[in-house]
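Reader: Can you walk me through this one? I'm new to reading structures.
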Amino acid sequence: MSSPSVAVRGRGRRRSKALGPVQDYAAHVEPDWWRHVFGALYLKTDGDVVDDAAITRREVDALLGIVDLSPTDRVLDLCCGQGRHTLELARRGFVGVEGVDQSRYLLRRARETARSEGLVVRFREGDAREVGSLPGGLDAVLIMGNSFGYFDAAEDDLRVLGGVRSILKPGGKLFLDITDGEWLREAFEPRSWEWIDASMFVCRERWLSPDGRMVSREVITDTGKGVIKDQFYAERLYTRAELAALLAQAGFVDFTVHQEFAGSSERNQDLGMMAHRLFITAIAGEVQAPRQAVPRELVVVLGDPGKPDPVKPDGAFGGDDLDAIGRMKAALERPGRRVRYLSNHDALLDQLKQLAGGSALVVNLCDEGYRNLPFCELHVPALLEALDLRYTGAGPQCLARCFDKGLVRGLARDLGIPVASATLIGQSDPIPAFTTPVIVKPNHGDGSFAIDEKSVAFNAQELAAAVANVRRLAGANALILVEELLTGAELGVGILGNPPGPHQVLPIIQEDYSSLPPGLPQICGYPSKWDPSSPYWNLRSIPAVLPEETARLITDFSVRLFERLECRDYARFDWRLDTNGRPHLLEVNPNPGWCWDGHLAKMAALAGMSYPELLDAVLQAAEERLKVEVRGAA
C-alpha cells in the first residue's frame with residue numbers, strides 16, 4: 001500500500017455520477033476502502049508524488065541517513081505499493097530486502113520492474129494486519145509513504161505494530177514515514193482541486209471526524225468523459241504523543257522523531273496527506289527476546305487419570321495419554337523453574353484455593369474438562385476466575401461459545417466468513433431432505449467425538465443411520481448438526497499470542513488422505529485420533545500449498561475469529577475448501593490439543609519451533625497478556 005491521497009472507492013463500488021452535496025462524509029466510507037483502491041488510476045492521480053524516481057531517491061537518502069542499515073540486513077518494506085522504496089534499496093546493493101502489499105496490481109508492477117532491471121527482490125501479497133505470520137528475525141521494517149492508519153478500527157493499527165514487533169529481532173528497527181496529524185488538523189484545506197493532466201482534474205472535500213480520522217471525498221473528472229469516480233476514504237491522524245503511546249503498547253522502545261519532511265512534486269498543487277510528514281524510528285523491545293523467559297513457578301492443571309473419561313476409546317486414560325503427559329512434563333522442565341501438577345479433581349478446588357494471592361501462573365491443560373466431563377471444560381477456568389488466579393488460555397465464556405458448533409457458525413456468518421450449509425436437528429425434529437452428500441456430527445463437543453466414516457451420508461437411509469449413530473454415542477437428547485460435505489483440501493492454522501497485539505500465525509497444514517483405501521470418505525474423524533487399527537490412523541499433516549489469496553483469507557478470517565470469540569494465548573482453526581477452492585470454517589478450537597504430536601505442534605514444527613519452544617510460546621503469550629491487562633486495569 002502507499003499514500004491514499006488519491007480517490008478511493010468503497011468495496012469496489014463504482015460510480016459514474018457525482019452524488020451532489022453530501023452532509024455526512026463518514027457515512028459513505030466503507031471499512032475496507034483500501035482493499036480496492038490502489039490500481040492504475042492511483043498511479044495516475046498520485047503519480048507526481050508516489051511514482052517519481054527523484055522523490056523516491058530523496059526519501060531513501062533520508063531513510064539511510066537515519067537508520068544504520070547494512071546491505072546484508074533483512075529488511076521488510078511493509079505496504080510497499082509498486083515497490084519503489086524496495087527496488088531503490090535493491091539498486092543500492094541491499095540483498096535482504098523484500099516487499100509486502102495487498103494490491104495485486106501494484107505488486108505486478110513491482111515484479112515487472114524488478115525483472116526489467118535484473119533485480120532479485122521478493123514481493124509478497126498480504127494484509128498488513130497479518131504481518132506477524134511472516135518469518136521473524138528481521139533487522140528492520142519500513143512503513144513508508146504514509147501507509148498507516150487506514151483501518152476502520154484503531155485496534156487494527158495496534159495489530160499492525162504488534163505484528164511488526166513480533167517479526168523484528170530484539171533491537172530491530174521500525175522506520176515510520178507518516179503524516180503529522182497535529183499539523184494536518186490545523187492546516188488541511190476543506191476544499192481543493194488540481195489538474196492531473198490536460199484533460200483530468202480532481203476536486204476534493206475534507207472533514208475531521210469525531211473519532212480522529214480525516215475523511216476525504218474525491219471527485220475525479222475528465223473534460224471529455226465527465227465524472228469518472230466520486231469516492232470517499234478515511235485515515236486516522238496521530239499526534240507524536242499518540243504514536244509514542246501506541247508504539248509502546250506494541251512493545252517498542254526509544255521512540256524518536258528524527259525530522260519533519262515537507263512533501264513536494266512537479267505539480268505541487270494539492271499534496272494532501274503527503275504534504276507534511278514525520279520520519280520516526282522505534283526499537284523492538286526485549287519482550288520479543290528469548291522464549292525461555294517464562295515464569296519461575298508454574299502450576300499445571302490436567303485431566304484426572306483416576307476418573308472415567310467418556311471421550312477416550314476405553315473410557316479411561318491409556319498408555320498414550322500418560323506418555324503425552326510425560327513428554328509435556330519433560331518439555332516444561334527448566335533449571336530454576338518450579339512446576340507442580342494438579343490432576344486429582346476431587347482435591348482440585350482446595351488445591352487451587354491455596355494458590356490465591358500467590359504469584360504462580362496456572363497452566364490450564366485440562367482439555368478433558370472438570371472431572372473429565374466434556375461439558376465441564378469451562379468449569380476449570382471459571383474456578384480460576386472465581387479465585388482470581390492468573391492462568392493460560394481461553395476463559396469460560398470463550399470455551400462455552402466454541403463448544404457449540406452452531407453458535408460459532410452463526411458468529412462466523414455475521415463476520416462475513418463462509419461456512420458450509422447445514423441444519424440443526426433436535427430429538428423431535430424430522431430428518432431433513434438433502435441433495436448433496438452431508439456429514440453428521442454432534443453440535444456440542446470436540447475431539448471429533450462420534451464422527452467417523454459412518455457419519456457421511458449420500459442418501460436418506462444413510463442419513464437416518466448416521467443420525468441414529470450420533471444419538472447412540474452422544475445421547476438421545478443431543479443436538480445434531482447435518483452439514484454439507486465439502487470435498488476440497490482440509491486445512492488447519494494455529495495462532496500464538498493475542499491479536500491485535502503481538503501474535504504469530506503458524507504455517508497452514510493440510511490433511512493428506514492419499515493413504516486411505518478407495519471408498520472411505522476423506523474426513524479427519526475420531527479414528528484418526530484414537531484408533532491405531534483404523535486406516536485413518538495413518539493420516540498425515542503436510543504443509544499446505546495454497547494460492548496467496550486463499551492463504552490470506554484463511555489467516556485474516558482466523559485472526560478475526562480469534563478476537564471475536566475472545567480466544568487467548570493460542571488457538572487452532574479448522575477449514576475446508578469447496579470445489580471452487582473457497583475456504584469454509586469447520587471449527588474453532590480454543591485451548592487446542594497441547595500434546596507433542598498434535599496438530600498445533602506440527603504447525604509449530606513447520607515454523608522451526610521445537611515442542612518445548614511451543615509450550616514456552618504459550619506461556620510467553622499469557623505473561624504478556626496478563627501484564628497488559630494489569631496495566632489497563634491501573
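This is a predicted model: local features need pLDDT of at least 70, side-chain atom pairs count only at pLDDT 80 or more; totals for chains, interfaces and linings use all residues.

Reader: OK. In what order do the three strands of the open sheet run?
Author: The order is β13-β12-β14, with parallel pairing. Strands here are DSSP runs of E, at least two residues, and helices are runs of H or I, at least four, numbered from the N terminus. Two strands pair if DSSP finds at least two bridges between them.

Reader: Which strands stand at the edges?
Author: β13 (338-342) and β14 (361-364). Each has a single partner strand, so one side of each is left without a neighbour in the sheet.

Reader: And how many bridges join β12 to β13?
Author: Five, with β12 covering residues 297-301. Leu298 has Val339 in β13 as its bridge partner.

Reader: What packs on that sheet?
Author: Helix α9 (residues 319-332) does, touching β12 and β13. Its direction makes about 155° with that of β13. Axes are lines fitted to C-alpha atoms, for helices over the stretch in contact (heavy atoms within 4.5 Å). Angles run from 0 to 180 degrees between N-to-C directions.

Reader: New topic. What lines the largest cavity?
Author: Its lining includes Leu332, Tyr570, Trp594 and Leu619. By class there are ten nonpolar, no polar and no charged residues. Nonpolar means Ala, Val, Leu, Ile, Met, Phe, Trp, Tyr, Cys and Pro; Asp, Glu, Lys and Arg are charged, and the others, Gly among them, are polar. A cavity is a set of points on a 1 Å grid over the protein atoms alone where a 1.4 Å probe fits but cannot get out, and lining residues have an atom within 4 Å of a point.

Reader: Which helix gives the most to that lining?
Author: Helix α18 (residues 611-633), with four residues.

Reader: Last one: where does Thr239 lie?
Author: Thr239 is in the loop between β9 (226-236) and α8 (240-249).

Reader: Is Thr239 buried or exposed?
Author: Thr239 counts as buried, at 15% relative accessibility. Buried means under 20% relative accessible area, exposed over 50%, partly exposed in between (1.4 Å probe, protein chains only).

Reader: What is Thr239 in contact with?
Author: Glu182 and Arg185, leaving aside neighbours within four places in sequence.

Note on methods
Residues are numbered from 1 along each chain as its sequence is written. Side-chain values use heavy atoms; hydrogens and water are left out. On a 1 Å grid over the protein atoms alone, a cavity is a set of points where a 1.4 Å probe fits but cannot get out, and a pocket is an open set with protein on both sides within 12 Å along at least five of seven lines; lining residues have an atom within 4 Å of a point.
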